[in-house]
Amino acid sequence: MGSSPASRGPAPAPAPSFHDYLPGMAEKLGRDGLIGELCKGFRLLMDEDKGVITFDSLKRNAALLGLHGLGDDDLLSMLREGDFDGDGVLSQMEFCVLMFRLSPELMEDAESFLEDALEQELKAFRR
């Protein structure tokens, strides 16, 4: 006995698509401004006591960046994607690199942006 489209219930809603705002931000803010905004985003998501983005801090603060629809598996996947040193958390540098990796248009300019991010992280480390 086959089922007709009407008997299967409503079609699932399409998955939300990722809209890449970074190129527009880069154009509007310039290199220094974009890196500054990425650093602000990092601080919004980080665990205040540990100074890194943990699963718990990401889950707690994800809605601030419009990520409220992501489940635990999605958040863990995001952490794994950006965690280059395997410590289970995201440093500011790992977060910035992840944001650039998620923005194909900015990958072309990534080297100069990442140099700026490194410079800013070194300045913050020296304080």
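Rings of Phe, Tyr and Trp (for Trp, its six-membered ring) are taken to pair if their centres lie within 6.5 Å, and the planes count as stacked when under 30 degrees apart, as edge-to-face when over 60 and as tilted for the rest. By this criterion the structure, which is a predicted model, holds one aromatic pair. The partners are F42 and F95, whose arrangement is tilted, with 6.0 Å from centre to centre and 55 degrees between the planes. Distant parts of the chain are linked by this pair, since F42 lies in helix 1 (residues 22-45) and F95, 53 residues apart from it, in helix 4 (residues 92-101); helices (H or I, at least four residues) are DSSP runs and are numbered from the N terminus.

Residues are numbered from 1 along each chain as its sequence is written, and side-chain values use heavy atoms, with hydrogens and water left out.

Confidence is expressed as pLDDT, the predictor's score for each residue from 0 to 100. The protein chain averages 75, and 66% of the residues score at least 70. Helix 2 has the highest mean confidence, at 92, while the lowest, at 58, falls in helix 5 (residues 104-107). Over residues 1-7 pLDDT stays under 50, and the model has one contact beyond four places in sequence for this segment, a contact being heavy atoms within 4.5 Å. Residues 9-19 also stay under 50, again with one contact beyond four places in sequence. Where pLDDT is low, the predicted coordinates should not be read in detail.

A search of the whole structure finds two salt bridges, each defined as a side-chain nitrogen of Lys or Arg within 4 Å of a carboxyl oxygen of Asp or Glu. In one of them, E37 is joined to K40, with the closest N and O atoms 3.1 Å apart; because these residues are three apart in helix 1, about one helical turn separates them. E37 is partly exposed, with a relative accessible area of 32%, as is K40, at 45%. In the other, D72 is joined to K59 with the closest N and O atoms 3.0 Å apart, and this pair links distant parts of the chain, D72 being in helix 3 and K59 in helix 2, 13 residues apart. D72 is partly exposed at 35%, and K59 is partly exposed at 44%.

Helix 3 also contains E81, a partly exposed residue with a relative accessible area of 37%. Leaving aside neighbours within four places in sequence, E81 is in contact with L98 and R101. The C-alpha atoms of E81 and L98 are 7.3 Å apart in space, although the two residues are 17 apart in sequence.

On the surface, L44, L64 and L65 form a nonpolar patch with about 260 Å² of accessible area together. Patches are made of residues with over 30% relative accessible area and no salt bridge, like charges being joined within 9 Å and nonpolar side chains (Val, Leu, Ile, Met, Phe, Trp, Tyr) within 5 Å, and accessible areas come from the Shrake-Rupley method with a 1.4 Å probe, only the protein chains shown counting as cover for residues. L64 is placed in the loop between helix 2 (55-61) and helix 3 (72-82), and L64 counts as exposed because its relative accessibility is 55%.

Terms used
This is a predicted model: local features need pLDDT of at least 70, side-chain atom pairs count only at pLDDT 80 or more; totals for chains, interfaces and linings use all residues. Helices (H or I, at least four residues) and strands (E, at least two) are DSSP runs, numbered from the N terminus. Buried means under 20% relative accessible area, exposed over 50%, partly exposed in between (1.4 Å probe, protein chains only).
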